[in-house]
Amino acid sequence: MSNPTWLLGSLGIVAIEGSYLPQILRLFRHKRAEDVSLLFPMLNILGRLLALCYSVTQGDHVLAWGFFAGMVLRGTLAAQVGWYRWGKRMVRVRLLQAERA
């Protein structure tokens, strides 16, 4: 029988990476992100990228996929924070400028 520890690692990664989904959904519902730091997901993405490189070089594919999924989730969170803080505001400013012209 094969070693079942890969399943434990996989479930752990799903739990850890899935912990970002409630925040992503909350930001999507409220359409605002003033209370979320942009630095947090950006530093987390950097850490995941370094850990992904390490796990790939070590041949640990379970961790590599987990770190990749984490980068996608944290990238989503960072994009939401950026958009809800600055993107929407910039679109409104440009629309107002266009109306005045």
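Contact here means heavy atoms within 4.5 Å, and in that sense M71 of helix α4 is in contact with I45, R48, L49 and L52, its neighbours within four places in sequence being left aside. The structure is a predicted model, in which local features need pLDDT of at least 70 and side-chain atom pairs count only at pLDDT 80 or more, whereas totals for chains, interfaces and linings use all residues. Residues are numbered from 1 along each chain as its sequence is written, and side-chain values use heavy atoms, with hydrogens and water left out. Helices are DSSP runs of H or I with at least four residues, numbered from the N terminus.

**How the helices pack**

- Two packed helices are described by the angle between their axes and the distance between the axes; here the axes are lines fitted to C-alpha atoms over the stretch in contact, and angles run from 0 to 180 degrees between N-to-C directions.
- A crossing is left-handed if the near helix is turned anticlockwise from the far one by less than a right angle, and right-handed if clockwise.
- In sorting contact residues by class, Ala, Val, Leu, Ile, Met, Phe, Trp, Tyr, Cys and Pro count as nonpolar, Asp, Glu, Lys and Arg as charged, and the others, Gly among them, as polar.

**α3 against α4**

- The crossing in which α3 passes α4 is left-handed, and its contact residues include I45, R48, L49 and L52 of α3 together with F67, M71, R74 and L77 of α4.
- By class, the residues of the contact of α3 with α4 divide into 14 nonpolar, three polar and two charged.
- R48 lies in α3 and counts as buried because its relative accessibility is 14%, where buried means under 20% relative accessible area, exposed over 50%, and partly exposed in between, computed with a 1.4 Å probe on protein chains only.
- R48 touches I16, E17, F67, M71 and R74, not counting residues up to four places away in sequence, and its C-alpha is 9.3 Å from that of A69, a residue 21 places apart from R48 in sequence.

**α1 against α4**

- On the α1 side the contact is made by W6, G9, S10, I13, I16, E17 and G18, and on the α4 side by V62, L63, G66, G70, L73 and R74.
- This contact of α1 with α4 has six nonpolar, five polar and two charged residues.
- M71 of α4 and L8 are 63 residues apart along the chain, and their C-alpha atoms are separated by 21 Å.

- L21, Q23, I24, L27 and F28 of α2 meet L73, T76, L77, Q80, V81 and Y84 of α4, a contact with eight nonpolar, three polar and no charged residues.
- The largest nonpolar core has nine residues in all, namely Y20, I24, L27, A33, V36, L73, L77, V81 and Y84; such a core is a set of buried Ala, Val, Leu, Ile, Met, Phe, Trp, Tyr and Cys residues joined through side-chain atoms within 4.5 Å.
- Helices α2 and α4 each supply at least two residues of this core, and α4 gives the most to it, with four residues.
- L77 of α4 is buried, with a relative accessible area of 2%, and, leaving aside neighbours within four places in sequence, L77 is in contact with Y20, Q23, I24, L27 and P41.
- The C-alpha atoms of L77 and M42 are 9.2 Å apart in space, although the two residues are 35 apart in sequence.

- Most residues other than glycine have a negative phi.
- Phi of K31, however, is near 60°, a positive value in a residue other than glycine.
- K31 is among the residues in contact with Y84, alongside L27, F28, R32, A33 and E34, when the neighbours of Y84 within four places in sequence are left aside.
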